[in-house]
Amino acid sequence: MNFEVDAILFDIDGTLVDSTPAVVRTWTAFAQERALDVGEILRVSHGRRTEDTLADLLPASEVAAATAQMEQMELDDLGDVIALPAAASVLRGLPADRWAVVTSGSRRLMRTRLRAAGLPVPQAFIGAEDVEHGKPDPAGYLTAAATLGMEPTRCLVVEDAPAGIRAGRASGATVLAVATSHDESVLSEADVVVKDLSMLTVTVTPVGLRVSATS
C-alpha cells in the first residue's frame, strides 16, 4: 500500500520506543501504593495521558500531585527503554520539517525516552501539556499538523494503540498502525496495519513523502 503525504506524525511509546517494562513497573508500584487494580489500569491506560487515566481513579484534588509523582517515577526508570525496529532509520531519513511527534506523555519525559532509546528529537513536539484534551481527541494531531504548516488530511499518523488511532482518524489524517503493543484485531480502525516500522519504506520526493507499506 502506498501513501503520498506531506508529513508523518508519530506517536512515541509503542510506536517509536518500547518502554513497556518501565510503564508496567511504574503503574504496578503506584497501584500497590494506593490499593488499586493494576490489571485494570494497564488495560485502559495505553495511549492515554497519565492525568486522564488518574482522573478516572482518584479524586480531582489528587490528580495533579499523582501525575507529577508518576512522571518522576518514570524518569527514574529508563534502563531498558529501547528503540523499536527501524525507528531510527525511518526518522533519520526524514527532513526535519516533514515529521512531528504527538505523545500522551509530557514533553520532558518523552524527550528523555527518545534520547535514552538513541532516537532524534524532532522540532515539532506535541506533548500532554500542549492540549486540553488527550487522545482519542484529535487536538494533538491537529496541533502537530498546524505546527508543520500542513493540512491534517495530507498527513500520515503512525500509532500503536486504539485511542491514538481514533485521534488520528478524527483529525482527518490517514492512519497506519503498528502491531507492536496490541494485537492486530484491536487496530482495525486504522487504514492499514503492519508489524512494525521495518515494513515501511519512506521516500522523500520533490513535493512531499511517499510511504510504502507491506504487511
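This is a predicted model: local features need pLDDT of at least 70, side-chain atom pairs count only at pLDDT 80 or more; totals for chains, interfaces and linings use all residues.
**View 1. Six strands form an open, parallel sheet.** The strand order is β6-β5-β2-β7-β8-β9. Strands are DSSP runs of E with at least two residues, helices are runs of H or I with at least four, and both are numbered from the N terminus. Two strands pair if DSSP finds at least two bridges between them. The edges are β6 (124-126) and β9 (192-194), each of which pairs on one side only. Neighbouring strands are turned by 20° against each other on average, direction ignored. Axes are lines fitted to C-alpha atoms, for helices over the stretch in contact, and angles run from 0 to 180 degrees between N-to-C directions.

**View 2. Strand β2 (residues 7-10) runs parallel to strand β7 (residues 155-159).** Four bridges join these two strands. Within this pairing, Ile8 has Leu156 of β7 as its bridge partner. Helix α8 (residues 162-171) lies across β7 and β8 (174-178), and runs at about 165° to β8.

**View 3. Ala35 and Ala86 are residues other than glycine with a positive phi.** Ala35, in the loop between α1 (20-34) and α2 (38-45), has phi near 55°. Ala86, in the loop between β4 (82-83) and α5 (87-92), has phi near 70°. At 26% relative accessibility, Ala86 counts as partly exposed. Buried means under 20% relative accessible area, exposed over 50%, and partly exposed in between (1.4 Å probe, protein chains only).

**View 4. A cis peptide bond joins Lys135 and Pro136.** Its omega is about 15°. Pro136 belongs to the loop between β6 and α7 (139-148).

**View 5. Helix α4 (residues 60-75) packs with helix α6 (residues 107-116).** Their axes are 10 Å apart, at an angle of about 15°. The two helices are therefore roughly parallel, a term for angles under 35 degrees. Glu71, Gln72, Glu74 and Leu75 of α4 make the contact with Arg108, Leu109, Thr112 and Arg113 of α6; contact means heavy atoms within 4.5 Å.

Technical notes
Residues are numbered from 1 along each chain as its sequence is written. Side-chain values use heavy atoms; hydrogens and water are left out. Angles under 35 degrees count as roughly parallel, over 145 as roughly antiparallel, 65 to 115 as roughly perpendicular and the rest as oblique.
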